[in-house]
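Here are my notes on this model, point by point. Please keep the structure open while you read.

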Amino acid sequence: MKKGKIYAVSLGPGDPELITLKGLKVLQHADKIYYPGSLLANGKKTSFSLPILKYHQLDENKLVGMFLQMSDDRTQAEITYATTFQSMLKDYNEGLTIVFVSEGDSLFYSTFAYLLEHIQKHQLDVEIIAGIPSFILGTAEYQTPLAILNEKIAIIPRIKNNNELEKILKDYETVVLIKIRSVLHNLISFLEKSHLTVLYGERLGTTQQYITSNINDIKNREIPYFSLLIIKKRK
């Protein structure tokens with residue numbers, strides 16, 4: 001029987017044309033494509049990945065959604081990962097070429113990392129195709145270097161408070177804050193008083209992209225899940 005194979009394809013930050021050529025070729029030849037999405041409290045399903053797949057006119061009969069509740073309780077997520085992996089394992093044993101796509105990069109705070117644990121445990125043939133994370137696109141859009149020479153970068157999810165940020169800035173020239181929806185407004189007063197260069201970006205690479213370097217612009221703004229803050233020391 002033909003041996004199956006699993007690919008992890010990184011879609012990039014949102015612009016459908018920022019996927020790699022290698023990733024796109026794999027998608028075009030796949031037998032089945034799994035994509036992640038969110039299951040909202042009202043029962044509605046959304047996916048950041050699906051519009052990118054549709055943009056490339058892939059066969060929609062090959063697409064399978066995996067939807068996770070947006071919650072700190074990981075119970076539903078763990079069940080969904082296990083169920084999805086069993087479906088992928090069945091496809092694999094049937095000799096299919098399977099792809100699991102991820103926003104940004106497949107191994108950077110990504111859903112695929114949890115599936116990879118199952119894949120490696122079962123010693124399945126897997127190939128991971130890297131992608132562009134959102135903060136790289138953010139600095140490109142703002143036309144500023146993320147780092148030069150010996151500058152150090154810190155990437156921090158869900159920073160706790162101003163004190164933590166101050167401590168990090170003592171050791172790093174650039175700080176990238178992700179998963180900021182629940183914490184950003186607590187940092188506003190500190191950022192206003194500081195002499196730092198601040199770049200806020202949300203839904204980067206999509207038609208809803210929004211970027212600003214003015215703190216006043218985000219004081220009363222509703223912060224979506226796909227958002228980040230890049231903070232740089234001024235020279």
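1. A definition to begin with: rings of Phe, Tyr and Trp (its six-membered ring) pair if their centres lie within 6.5 Å, with planes under 30 degrees apart called stacked, over 60 edge-to-face and the rest tilted. On that basis, a search of the whole structure turns up eight aromatic pairs. Take Tyr35 and Phe67: the ring centres are 6.0 Å apart and the planes stand at 90°, so this pair is edge-to-face. Tyr35 belongs to strand β2 (residues 32-39) and Phe67 to strand β4 (residues 63-69), so the pair ties together parts that are 32 residues apart in sequence. Helices (H or I, at least four residues) and strands (E, at least two) are DSSP runs, numbered from the N terminus. Both Tyr35 and Phe67 are buried, where buried means under 20% relative accessible area, exposed over 50% and partly exposed in between (1.4 Å probe, protein chains only). Elsewhere, ring pairs join Phe48, Tyr225 and Phe226 into a cluster.

2. Some housekeeping. This is a predicted model, in which local features need pLDDT of at least 70 and side-chain atom pairs count only at pLDDT 80 or more, while totals for chains, interfaces and linings use all residues. Residues are numbered from 1 along each chain as its sequence is written, and side-chain values use heavy atoms, with hydrogens and water left out.

3. Next, Ser47, in the loop between β3 (45-46) and α2 (50-55). Ser47 counts as buried because its relative accessibility is 17%. What does its side chain reach? A polar side-chain atom of Ser47 lies 2.8 Å from the backbone oxygen of Pro36, and one lies 3.2 Å from the backbone nitrogen of Ser49. (A polar contact is a pair of N or O atoms within 3.5 Å; within protein, one must be able to donate a hydrogen and the other to accept it, and residues adjacent in sequence count only if both atoms are side-chain atoms.) Leaving out residues up to four places away in sequence, Ser47 touches Tyr35, Pro36 and Gly37, contact meaning heavy atoms within 4.5 Å.

4. Thr84 sits in helix α3 (residues 75-93) and is buried, with a relative accessible area of 9%. Residues up to four places away in sequence aside, Thr84 touches Tyr34, Met66 and Leu115. Pro16, in the loop between β1 (5-10) and α1 (21-28), is buried at 16% relative accessible area. Beyond its neighbours within four places in sequence, Pro16 is in contact with Ile52, Tyr55 and His56.

5. On to α7 (184-193). Which of its residues are buried? They are Leu184, Leu187, Ile188, Phe190 and Leu191. An α-helix has 3.6 residues a turn, so residues three or four places apart point the same way. The buried residues of α7 pack against α6 (162-171), β8 (174-178), β9 and β11.

6. On a 1 Å grid over the protein atoms alone, a cavity is a set of points where a 1.4 Å probe fits but cannot get out, and a pocket is an open set with protein on both sides within 12 Å along at least five of seven lines; lining residues have an atom within 4 Å of a point. Grid points are joined across faces, edges and corners, and a volume is the space filled by probe spheres set on the points. One cavity of 30 Å³ or more is found in the whole structure. The largest cavity has a volume of about 40 Å³, and its lining is Tyr142, Thr144, Thr197, Leu199, Ile230 and Lys232. At least two lining residues each come from β9 (196-202) and β11 (227-233).

7. The second largest pocket holds about 150 Å³ of space. Its lining residues include Leu191, His195, Asn214 and Arg234. The largest share of that lining, three residues, is from β9.

8. Finally, check two backbone angles. Most residues other than glycine have a negative phi. Tyr109, not a glycine, has a positive phi of about 45° and is partly exposed at 44% relative accessibility. Gln123, not a glycine, has a positive phi of about 55° and is exposed, with a relative accessible area of 73%.
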